Amino acid sequence: MNKHSAEREQLDGIGVSPGIACGKAFLHISGFPEYKEEIVLEEAIPQEIDKVKRAFEQTSHDMEHIKTQASDSESKDLTGVLDAQILIVADPEFQNQVIDKIECMQYSAIFAFTSSVNDNIEMLSRSKDPYMREMVADIETVSNHILKHLLGERHKELTGFSEPAILFASYFNPGEILEMPNLNVTGFVTEKGGPTSHMGLFAKSLGIPAVVAVRANLKQIPSGSRIVVDGNKGIVIVNPADDEWEEYQKISHARREARFKRFEQIHELPSSTRDSHHVEIMANLDLPTSLDEILAHEHVGIGLYRTEFLYLKRANFPSEADQTKVYYDIAKKFAPQNVILRTFDLGGDKLTDYFKSEFEINPALGWRAIRFSLDVMPIFEVQLRAMLKASTLKNVSIMLPLITTLDEVQKAKRLLEKIKKDLHEEKAAFDEDIKFGIMIETPAAVMIADYLAEEVDFFSIGTNDLTQYTMAVDRNNKRVAKHFQVFHPAIIYSIKKTVEAAHKAGKPVGICGEIAGDPLATKLLVGLGVDSLSMNPASIPVVKGILPKIGFEEALKFSQKILKLTTEKEITETLMKDFKESNLNNSLNKKGELKNA
């Protein structure tokens with residue numbers, strides 16, 4: 001390809017995600033760097049090895065975080081891609097290659113790692129097997145994560161664009177693609193990839209048109225050029241003519257309108273069963289998205305706002321002023337609907353830039369969530385102050401994650417009361433009656449739910465972690481994935497016990513785990529007495545369409561039937577059978593909002 005001119009040009013590639021996208025060109029640099037050879041002193045070898053081990057462990061949990069984001073999307077196949085990348089990080093041979101170079105050749109951690117990665121990339125690139133060649137993208141994705149930790153850098157993520165953007169790169173990793181809808185990115189183009197590339201899988205799930213394997217030097221396309229990405233035909237048009245550009249923009253706009261159409265008028269669907277038993281349907285949110293305005297307009301509340309994303313996207317902890325603004329803006333946008341702000345659910349693996357915590361083999365059982373917050377009181381106090389100051393519209397609630405003891409709740413409450421007193425003295429406005437709740441996501445919390453209910457205003461059951469801890473299963477470990485059974489009798493009993501404890505104390509209880517958005521579970525959860533269901537926004541039209549077709553008395557009897565079953569297989573089969581026989585899988589077909597289950 002010659003140096004790019006202002007003339008129209010068409011690039012051919014492979015369309016891996018259908019649709020039309022229009023925007024301005026923006027080049028995103030990717031790939032894997034090389035470093036010069038660096039020798040360390042013999043006494044520094046243990047320290048270099050420790051750096052490598054820590055970086056691998058931190059990356060493992062980065063990938064788990066990305067997988068959690070992917071699991072909230074409409075395509076469950078995405079998690080399989082991330083399982084493969086997590087296995088690369090977990091492969092002892094990969095780590096040992098690097099450690100061997102440090103021990104035997106006294107290489108620095110950086111050089112030992114980058115040279116090992118480039119050796120592997122070169123070997124895979126020469127392979128005649130297309131599958132082996134495609135593994136290069138996975139290796140590069142994982143290795144860039146590890147390298148950033150070795151360099152002591154926070155993840156340098158894409159930033160937002162003021163107008164629709166089309167991103168160009170050699171390839172994009174899953175985390176970058178998952179961020180695109182939040183950044184005004186309407187499509188992307190890559191030099192690498194194939195018909196079955198992971199990039200296509202992620203792009204499809206998010207509705208982002210994408211063309212890969214373009215035979216051109218994308219670096220020569222000037223930034224700001226008009227770009228059309230046709231994911232249906234697998235073509236990219238650079239600098240289309242004015243009439244062509246206008247026509248493609250109309251097509252692209254119509255496509256975006258259709259994507260959000262199924263969210264329109266969901267407020268007209270009652271949040272109650274056909275016999276008028278109310279169940280609040282709410283959304284789980286991470287970051288501002290294009291759906292926010294629609295959800296707010298449709299009177300959807302926020303059952304879980306994950307505030308840790310404020311930290312994960314910055315080079316330091318956000319200030320009180322920054323947090324107050326973010327919390328107030330989200331509260332104002334969704335007012336008068338309730339917005340539940342969860343305090344930081346951060347693990348030790350995410351804090352190494354600021355805290356010299358010990359290397360944790362299993363951070364899921366380590367220094368995280370409320371444990372971290374209570375140990376680092378200044379940070380916790382700043383966050384609680386910001387939440388209180390953002391509560392002036394009286395629709396904000398505060399929620400603590402990963403509670404295991406009564407003492408944790410009481411310590412947090414004492415701090416909250418102290419802050420309220422301080423704000424009074426400062427004459428700062430806040431909601432005097434702000435609701436204070438906790439997440440029930442450990443077996444310990446379930447067992448003492450009666451005591452916890454006396455201390456708080458509400459419960460929210462986090463079934464993802466509750467299942468993980470109850471079943472003793474790492475939900476991101478492919479080898480034991482079959483044992484992660486959210487419909488296991490123990491999980492159903494735990495939900496029942498938690499609901500009973502909350503209602504006995506006159507407190508509401510919701511669910512914000514993945515089961516809340518599972519249509520198979522709706523009738524069961526209603527029958528168990530759950531007061532609210534908070535889910536990924538994509539699931540809201542489905543669940544709101546199912547709810548009015550369920551009778552509460554019928555659901556009560558159904559839940560009793562489920563509670564008598566003794567295996568996960570029996571429960572799942574019974575849920576599926578009832579779902580089909582009740583015709584719930586076609587609840588919204590007349591509006592085209594619910595696909596057949």
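Keep in mind that the model is predicted.

Let me start with helix packing. Two packed helices are described by the angle between their axes and the distance between the axes. The pair to look at is α17, residues 463–471, and α18, residues 489–504. Their axes come within 10 Å and cross at roughly 125 degrees. Angles from 65 to 115 degrees would count as roughly perpendicular, and those over 145 as roughly antiparallel. So α17 and α18 are oblique to each other. The crossing of the two is right-handed.

Which residues make the contact between α17 and α18? On the α17 side, we have Thr463, Leu466, Thr467 and Thr470. On the α18 side, they meet Ala490, Ile491, Ser494 and Ile495. By class, that contact has four nonpolar residues, four polar and no charged.

Now stay on α17. Is this helix mostly covered or mostly open? Mostly covered: seven of its nine residues are buried. Those are Thr463, Asn464, Asp465, Leu466, Thr467, Gln468 and Tyr469. What do they pack against? One partner is α18, and the others are α15 at 443–447, β14 at 458–461 and β15 at 509–511.

Next pair: α13 and α14. Helix α14 covers residues 406–425, and α13 covers 377–389. Their axes are 10 Å apart, and the packing angle is about 60 degrees. That makes this pair oblique as well. Here too, the crossing is right-handed.

From α13, the contact takes Met377, Phe380, Glu381, Leu384, Arg385, Leu388 and Lys389. From α14, it takes Ala412, Leu415, Leu416, Lys418, Ile419, Lys420, Asp422 and Leu423. Sorted by class, this contact has nine nonpolar, no polar and six charged residues.

On to charges. Side chains of opposite charge can pair when their charged atoms come close. How many salt bridges does a search of the whole structure find? It finds 26. I will take three of them.

First on my list, glutamate 320 and lysine 389, at 2.9 Å from N to O. Glutamate 320 sits in α11, residues 320–334, and lysine 389 sits in α13. This pair links distant parts of the chain, 69 residues apart. Lysine 389 is partly exposed, with a relative accessible area of 28%. Lysine 389 is also among the α13 residues that meet α14.

Next, lysine 523 and aspartate 578, at 3.1 Å from N to O. Lysine 523 lies in α19, residues 522–527, and aspartate 578 in α22, residues 568–581, so the bridge ties together parts 55 residues apart in sequence. Are these two partners buried or exposed? Lysine 523 counts as buried, at 5% relative accessibility. Aspartate 578 is buried too, at 15%.

Last, glutamate 581 and lysine 577, at 2.8 Å from N to O. In general, an α-helix has 3.6 residues a turn, so residues three or four places apart point the same way. Glutamate 581 is exposed, with a relative accessible area of 57%.

There is also a network. Salt bridges with shared partners join Glu308, Arg342, Asp345, Arg368 and Asp465. That brings us back to α17, where Asp465 is one of the buried residues.

Notes. Residues numbered from 1 in each chain as written. Predicted model: local features only at pLDDT ≥ 70, side-chain atom pairs only at ≥ 80, totals over all residues. Heavy atoms only, no water. Axes fitted to C-alpha atoms, helices over the stretch in contact; angles between N-to-C directions. Helix = DSSP H or I, 4+ residues; strand = E, 2+ residues; numbered from the N terminus. Parallel < 35°, antiparallel > 145°, perpendicular 65-115°, else oblique. Left-handed = near helix turned anticlockwise from the far one by under 90°. Contact = heavy atoms within 4.5 Å. Nonpolar A, V, L, I, M, F, W, Y, C, P; charged D, E, K, R; others polar. Buried < 20%, exposed > 50% of the residue type's maximum accessible area, 1.4 Å probe, protein only. Salt bridge = Lys/Arg side-chain N within 4 Å of Asp/Glu carboxyl O.
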